[in-house]
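This note sets out several points for a colleague who is meeting the structure for the first time. Please read them beside the sequence and the model.

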Amino acid sequence: MSQQINLFDARFQRQKRHFSAATLAATLAAVLVLALAIQQLYAYQSRSLQASVAQTDARVAQLRDQVARFAREFGAQGGSTALADEIARTEEALRVRRGLLASMQTGAGTAEGFSAYLAALARRTTQGVWLTGIDIDGSLVIKGRALDGERVPAYIRQLNREETFAGRTVSELRMSARPEDALEFSFSIPLGKDPS
């Protein structure tokens, strides 16, 4: 009868080091490459928005010249409301694009975008209050309905407990009663740089 002796001991097996200098350097390099890629993406988006604003400015100038020419030619006959409506729509589109560009340049549109604000809104709820709309244009406008008017200030206090909204003030609050036993509300919170 032969007996086998196992001379293998797991303590003598070479252990893989997870936190070696090479692993940490590779991780740091990957994070740096990712950060540079994100920075280049936002720079590209900013350049395309600026180009779009410049095109819209040129279109508005062209339309103004056209209106001035039509006003001279047809001044006695009365103006064209369709052309005036088109100018108003174009100027509104220009205002929205300029606002978007300004919010990106002032820091409201950070690398995270608006996800921090939306995540904070998702975390804080108040019974009897529900949101019906969110508008982000230089400030965060929150629209919703409530079963009772006293629940809206409680909801705003809940939002102030979030780090994203801490120190920010509500610049405008509107409330109106609805016939369906629900109160409609909207309030605005300026974005821009974080308050210090």
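1. In this predicted model, the largest nonpolar core has 16 residues. Such a core is a set of buried Ala, Val, Leu, Ile, Met, Phe, Trp, Tyr and Cys residues joined through side-chain atoms within 4.5 Å; buried means under 20% relative accessible area with a 1.4 Å probe, protein chains only. Leu121, Leu140, Ile142, Leu159, Phe165 and Phe187 have the most contacts inside this core. Helix H3 (115–123), strand E2 (139–146), H4 and E4 each give two or more residues to it, and H4 gives the most, with four.

2. A second, separate core has five residues, including Leu49, Val53, Val60 and Leu101.

3. Which residues does Leu121 touch, leaving aside those up to four places away in sequence? They are Leu131, Ile134, Leu140, Ile142, Tyr155, Leu159 and Phe165, where a contact means heavy atoms within 4.5 Å.

4. The count comes to one cavity of 30 Å³ or more, with about 40 Å³ of space in it as the largest cavity. A cavity is a set of points, on a 1 Å grid over the protein atoms alone, where a 1.4 Å probe fits but cannot get out; its volume is the space filled by probe spheres set on the points, which are joined across faces, edges and corners.

5. Ile156, Leu159, Asn160, Phe165, Arg168, Val170, Phe187 and Ile189 line the largest cavity, each having an atom within 4 Å of a point. Helix H4 (151–160) and strand E4 (183–190) each give two or more residues to this lining, and the largest share, three residues, is from H4. By type, the lining residues are six nonpolar, one polar and one charged.

6. The protein has four helices and four strands, in the order α-α-α-β-β-α-β-β from the N terminus. Of the 196 residues, 23% count as buried.

7. The mean pLDDT, the predictor's confidence in each residue from 0 to 100, is 81, and 87% of the residues score at least 70. Where pLDDT is low, the predicted coordinates should not be read in detail.

8. Residues are numbered from 1 along each chain as its sequence is written, and side-chain values use heavy atoms, without hydrogens and water. Local features need pLDDT of at least 70 and side-chain atom pairs 80 or more, while totals for chains, interfaces and linings use all residues.

Notes: On a 1 Å grid over the protein atoms alone, a cavity is a set of points where a 1.4 Å probe fits but cannot get out, and a pocket is an open set with protein on both sides within 12 Å along at least five of seven lines; lining residues have an atom within 4 Å of a point. Ala, Val, Leu, Ile, Met, Phe, Trp, Tyr, Cys and Pro count as nonpolar, Asp, Glu, Lys and Arg as charged, and the others, Gly among them, as polar. Buried means under 20% relative accessible area, exposed over 50%, partly exposed in between (1.4 Å probe, protein chains only).
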